[in-house]
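Subject: Handover of a structure and notes on its cavities and aromatic pairs

Dear colleague,

Please find below the structure that I am handing over to you. My notes follow directly after it.

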Amino acid sequence: MTTPTVEETAMSRAEHVRTRHLRGVAAVDRRLRRAGVVVGVWFWAVYAVYAVAITVGNAATGNDLEISAFDATIGSSRWPVIWLGVAASVAILALHVAAGGSRRSLFEGTLRGSLVVGAGFGVVTTLALLGERELSTALGMTWRRLGALPFDSPVAVLGTAVAESLVITTYILVGACVAAGYLRTRAWGTLLMIPLLLPAALVDVATRTGVLGALANVELRPDIDHAEVPPSEGLMTTLLGVGGAALAVLLAAVVLHALLRNAPVRPT
């Protein structure tokens, strides 16, 4: 039986570390995706009942809904996924480390899981908007988006799917950033929430969705009683929206990485 060389021993240790790292990433990713499925099923089930009821109800009473039921909620899908970023990622830091994981694997797993959940939400959001439009048209009502990105061509629909995916990814990462900030600074973490919300503000404005997106694009015609958020047009608007959303994801990921790098396993 031969004795392993120094190089073989070093390679074996490196392979062990790599395997443990990949397992840690996969575990966090899996946890986040599973939680995302649960949140998504509940959210979209409630939304479907709401959207159909409000559309059919308006048609039955002779009213014209005019704008998307989804947009009328001012980006309601954002709020449950912020909780998802808190509960399904950084909140398990102590458990993750105790199981042999690292802060790096927690970050990578959170990033990977948020991209997957974001993609799922983006696809479902786009399908929901298409369904809304078909239902409203079938009932003889007009339909348009409240601001948002263009939605009038196959390319625009694809751009919306990508943008909505990046919106959800950003908000999950922002939730993780808030949790990591609180973990590092405790009471001061509450104050840190304000600058940590910058990526969320950026993705709202870039995609013209959510509360800030609507406020940034509101027009007074001719006064506050006639305020409205007109729909957007043009390929450039779509490209800028998707690009801005991608930048928001990158910014949120950089902030989360910085916060997790030296985050204590237990709150200080």
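This is a predicted model: local features need pLDDT of at least 70, side-chain atom pairs count only at pLDDT 80 or more; totals for chains, interfaces and linings use all residues.

Residues are numbered from 1 along each chain as its sequence is written, and side-chain values use heavy atoms, with hydrogens and water left out.

Overall composition

The protein has 10 helices and 4 strands; these are DSSP runs numbered from the N terminus, with helices being H or I of at least four residues and strands E of at least two. Read from the N terminus, the order of elements is α-β-α-α-α-α-β-α-α-α-α-β-β-α. Of the 268 residues, 43% are buried, where buried means under 20% relative accessible area, exposed over 50% and partly exposed in between (1.4 Å probe, protein chains only).

The largest pocket

Grid points are joined across faces, edges and corners, and a volume is the space filled by probe spheres set on the points.

The largest pocket holds about 180 Å³ of space. Its lining consists of Arg20, Arg23, Gly24, Ala27, Val28, Arg31, Ile92, Leu95, His96, Ala99, Gly100 and Gly101. Helix H1 (6-60) and helix H4 (93-98) each supply at least two of the lining residues, and H1 gives the most, with 6 residues. By class, the lining has 5 nonpolar, 4 polar and 3 charged residues; Ala, Val, Leu, Ile, Met, Phe, Trp, Tyr, Cys and Pro count as nonpolar, Asp, Glu, Lys and Arg as charged, and the others, Gly among them, as polar.

The cavities

How many cavities of 30 Å³ or more does a search of the whole structure find? The search finds 2. About 80 Å³ of space lies in the largest cavity, which is lined by Phe70, Asp71, Ile74, Gly75, Arg78, Arg145, Leu146, Glu164, Arg208, Thr209, Gly210 and Ala214. Helix H2 (69-72) and helix H9 (210-216) each contribute at least two residues to that lining, which divides into 4 nonpolar, 3 polar and 5 charged residues.

The second largest cavity has a volume of about 40 Å³. Arg145, Ala148, Leu149, Thr160, Ala163, Glu164, Thr207 and Thr209 line this cavity. H6 gives the most to the lining, with 3 residues, and the classes come to 3 nonpolar, 3 polar and 2 charged.

Arg145 also has a ring contact: its charged end sits over the ring of phenylalanine 151, 5.9 Å from the centre (the criterion is NZ of Lys or CZ of Arg within 6 Å of the ring centre and within 35 degrees of the ring normal).

Aromatic pairs

The structure holds 8 aromatic pairs; rings of Phe, Tyr and Trp (its six-membered ring) pair if their centres lie within 6.5 Å, and planes under 30 degrees apart count as stacked, over 60 as edge-to-face and the rest as tilted. The rings of phenylalanine 43 and tryptophan 44 have centres 4.9 Å apart and planes at 85°, so this pair is edge-to-face. The rings of tryptophan 44 and phenylalanine 121 have centres 6.1 Å apart and planes at 50°, so that pair is tilted.

Phenylalanine 43 is buried at 13% relative accessibility, tryptophan 44 at 12% and phenylalanine 121 at 4%. Phe43, Trp44, Tyr47, Tyr50, Phe70 and Phe121 form one aromatic cluster. Of these, Phe70 is also among the residues that line the largest cavity.

Cysteine 177

Cysteine 177 lies in helix H6 (residues 154-185) and is buried, with a relative accessible area of 2%. Its C-alpha atom is separated by 9.4 Å from that of alanine 258, 81 residues apart along the chain.

Yours sincerely

Notes: On a 1 Å grid over the protein atoms alone, a cavity is a set of points where a 1.4 Å probe fits but cannot get out, and a pocket is an open set with protein on both sides within 12 Å along at least five of seven lines; lining residues have an atom within 4 Å of a point.
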